[in-house]
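Me: I'm new to this one and would like to go through it bit by bit. Can you show it to me before I start asking?

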Amino acid sequence: MDQQSLAKRNLAIMWFANFFVAGSMTMVMPFLSLYIETFGNFSDDFVQTWSGYTFGITFLTAFLVSPIWGRVGDRYGRKPILIIAAFGLGTSVFLMGEVQTVFQLFLLRFIMGVFTGFIPLSQALISTQTERGISGRVLGTLQTGTVTGTLMGPMLGGILADTFGYAQAFQLTSVTIFIAGFLVIFGLKEFRVKDDENEQESYSRKEVFTFILKQPMLISVIILSMFIQVAHFAVQPILALYVSELNGPANIAFISGIAFSITGLGNLLMTRRWGRLADKVGYEKILILLLMAAGIVYLPGAFVNEVWQLVIVRFLLGVTLGGIIPVRMAYIRQAAPINMQGEVMGYSTSLRFLGNVIGPILGGVVAGWYSISTVFIMTSVMLFACGAILLFIKLKEDHANSSMHSSTKHSTS
């Protein structure tokens, strides 16, 4: 099998693996707080607090270990790490169905964070076997597997919990993660394309840091990964409350589910298209466009009076945010040497996970001090500011390159 055919097969395998893992990770979200209630006669404050702790600790652990996995993957290959991640995740989720106390659940969610990098690792793997000119389209295609799993996961999780019970739902969920692991073991054949025949085989941590720090656009994309996630996740924990304010208590769970899921639908429809467009016109340009557009479409969410208006805002947000992850990864693919891709992406992923932790906390605090509408205004400003910062750096780089080109041309003549 030639490299092109092998790359297509690997993409298909990782699409299904990401679908299973993303679906499994979100299956337990609808009933996590309800599961905590089964461990004792707790107050509402206790349940809400520990639901936040058990949800957030996974991302905090992932924030710490993501660069390590990325570096190990660069050196020893990503297939072994993907297998470890899949079976670590599956075992953690399975054991969650056996716990008897809140602390045991918290501890397993902590351990689960060590293995949460399956999807970012798969993106890094597919990136390193993809030619630079088509990486946006390819990574956009891979992202649709994650989004599809994320959309279907909560619904299937709710059905499993209602049918079999919370503990059994965890154990059944773990099966799909093990399936993803077996897909990697028996179907994936890892290889890397070569951008430069003279490229180093490996890079020290110092060399990677030095490379990143010398490129203002690259370091900005990595750091802004955190702020993008903060902006996106700030609304998540209070969205149901906002729906209740707009619509009242009638069918609150169903309507909140629509408001959550519609963003994923917009994401699914556009992520591959944004990736393809970025391949043609440039990854920095599309990133700037998407960030500014996301900031603009988020703002009306602060002023809606009806639920259907909020649903439209959430859909448009999904359309704009849909391309940010694959385009950001494709930019790193273009900017960084192939043999340090994993570690560079690991730093970006690490900051994304940190944003997942900060976002819900910040959103809850701002909503408590001011109002839910203020959270929409804050996130709108944050996303637009991220786009403006990238635009400023892009213009500055273009000016420097133009000046250097003119200087070189003048000295030659």
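Me: Which helix gives the most to the lining of the second largest cavity?

Reply: Keep in mind that this is a predicted model. The second largest cavity has a volume of about 70 Å³. Among the residues lining this cavity are Arg71, Asp74 and Arg75. The top contributor, with three residues, is H3.

Me: And by class, how many nonpolar, polar and charged residues are in the lining of the second largest cavity?

Reply: Its lining includes Glu201, Tyr203, Val208, Asn339 and Glu343. Sorted by class, that lining comes out as three nonpolar, two polar and five charged residues.

Me: What volume does the largest cavity have?

Reply: The count comes to four cavities of 30 Å³ or more. The largest one is lined by residues including Trp69, Arg78, Leu121 and Met345. Its volume is about 100 Å³.

Me: Which helix gives the most to the lining of the largest cavity?

Reply: Gly342, Met345, Gly346 and Thr349 are among the lining residues. Helix H3 (44-76), helix H6 (118-128) and helix H16 (341-369) are the elements that give two or more residues there. By class, the lining has five nonpolar, six polar and one charged residues. The one that gives the most, with four residues, is H16.

Me: Now the pockets: where does the largest share of the lining of the second largest pocket come from?

Reply: This pocket has a volume of about 310 Å³. It's lined by 16 residues, and Gln4, Ala7, Lys8, Ile134 and Val138 lie nearest its centre. Helix H1 (3-27) and H7 each supply at least two residues of that lining. The largest share, five residues, comes from H1.

Me: Is the crossing where H7 passes H15 left-handed or right-handed?

Reply: On the H7 side, Ser135, Gly136, Leu139, Gly140 and Gln143 make the contact, meeting Ile325, Pro326, Met329, Ala330 and Arg333 in H15. By class, the contact has five nonpolar, four polar and one charged residues. As for the handedness, H7 passes H15 in a crossing that is right-handed.

Key:
Residues are numbered from 1 along each chain as its sequence is written. This is a predicted model: local features need pLDDT of at least 70, side-chain atom pairs count only at pLDDT 80 or more; totals for chains, interfaces and linings use all residues. Side-chain values use heavy atoms; hydrogens and water are left out. A crossing is left-handed if the near helix is turned anticlockwise from the far one by less than a right angle, and right-handed if clockwise. Contact means heavy atoms within 4.5 Å. Ala, Val, Leu, Ile, Met, Phe, Trp, Tyr, Cys and Pro count as nonpolar, Asp, Glu, Lys and Arg as charged, and the others, Gly among them, as polar. On a 1 Å grid over the protein atoms alone, a cavity is a set of points where a 1.4 Å probe fits but cannot get out, and a pocket is an open set with protein on both sides within 12 Å along at least five of seven lines; lining residues have an atom within 4 Å of a point. Grid points are joined across faces, edges and corners, and a volume is the space filled by probe spheres set on the points.
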